[in-house]
Amino acid sequence: MTPQEETVILEARDILGRYLSQNPVIGSWQALMDYCALTVRGPIERFHVLYLDRKNRIISDELLSTGTVDHVPVYPREVIKRALMLNASALILIHNHPSGDPTPSEADLSMTKEIQKGCKYLGLTLHDHIIVGAGTELSLRALGKL
């Protein structure tokens, strides 16, 4: 990638981030998928959480953890603690699979269930967990895993 291309990508992320912070995220599935693909795809695993207000607008997009080519550590306690600190009502989990295959691992499913349990007890809504692959995104909710 050229320095010019990197600059364009960073500018596009900024524009999309401003757009999504002023508009409902859940109302536009394609805008959410585009945002995920732009912000999370990469050569190492990254775990983001979109913290949302009652109108499903982004309060904050937090990069909570970076990992290696095939693993990223995620601590459900920290995910939920940050939601409470931000007064969020809902969240969307997002991480990438650098291999390009967005199929969830058992660890992905287990961690999602732990976060879902914590959210339920504290009155938070876990809308989805999206896994970004190479040119494709996968929703655990759409798979019936949430």
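Tutor: Helices here are DSSP runs of at least four residues, numbered from the N terminus. The model is a predicted one.

Student: What makes E114 and K117 about one helical turn apart?

Tutor: Both are in helix α4 and they are three residues apart, so about one helical turn separates them.

Student: Why is the pair E114 and K117 called a salt bridge?

Tutor: The cut-off is 4 Å between a side-chain nitrogen of Lys or Arg and a carboxyl oxygen of Asp or Glu. The closest N and O atoms of E114 and K117 are 3.1 Å apart, so by that cut-off the pair is a salt bridge.

Student: Which residues of α3 are buried?

Tutor: V79, I80 and A83 are buried in α3.

Student: How do you know that the buried residues of α3 line one face of the helix?

Tutor: Looking down the axis of α3, the buried residues fall within an arc of 90 degrees, so they line one face. These buried residues pack against β1, β2, β3 and α4. On the face turned away from the buried side, α3 carries the exposed residues R77 and M85.

Student: What comes after α3?

Tutor: N87 follows α3, and its phi is positive, near 55 degrees.

Student: What makes a set of residues a nonpolar core?

Tutor: The members must be buried residues of the listed nonpolar kinds, joined through side-chain atoms within 4.5 Å. The largest such core has 22 residues, and F47, Y51, V79, L91, L93 and I115 have the most contacts inside it. Elements that each supply at least two residues of this core are β1, α3, β3, α4 and β4. The most comes from α4, with four residues. There is also a second, separate core of 14 residues, which includes Y35, V40, I92 and I94.

Student: Why would such side chains be found together?

Tutor: In soluble globular proteins, nonpolar side chains tend to be buried together.

Student: Which residues is V79 in contact with, leaving aside its neighbours within four places in sequence?

Tutor: V79 is in contact with F47, V49, Y51, L64, V74, L93 and I115.

Student: Why is V69 called exposed?

Tutor: Exposed means over 50%. V69 has a relative accessible area of 56%, so V69 is exposed. V69 is placed in the loop between β2 and α3. Apart from neighbours within four places in sequence, V69 is in contact with P43, E45 and P98.

Student: How many disulfides are there?

Tutor: The count is zero. A disulfide needs two cysteine sulfur atoms within 2.5 Å. For C36, the nearest cysteine sulfur is that of C119, 16 Å away, and C36 is in no disulfide. C36 is buried, with a relative accessible area of 0%, and C119 counts as buried at 1%.

Student: What makes T112 buried?

Tutor: Its relative accessible area is 1%, and buried means under 20%, so T112 is buried. T112 is found in helix α4.

Student: Why is the pair T112 and H129 called a polar contact?

Tutor: The cut-off for the N or O atoms is 3.5 Å. The side chains of T112 and H129 make their contact at 2.6 Å, so the distance meets that cut-off. Not counting residues up to four places away in sequence, T112 touches L93, L126, H129, L140 and L146.

Terms used
Residues are numbered from 1 along each chain as its sequence is written. This is a predicted model: local features need pLDDT of at least 70, side-chain atom pairs count only at pLDDT 80 or more; totals for chains, interfaces and linings use all residues. Side-chain values use heavy atoms; hydrogens and water are left out. Buried means under 20% relative accessible area, exposed over 50%, partly exposed in between (1.4 Å probe, protein chains only). Contact means heavy atoms within 4.5 Å. The arc is that of the directions from the helix axis to the C-beta atoms. A polar contact is a pair of N or O atoms within 3.5 Å; within protein, one must be able to donate a hydrogen and the other to accept it, and residues adjacent in sequence count only if both atoms are side-chain atoms.
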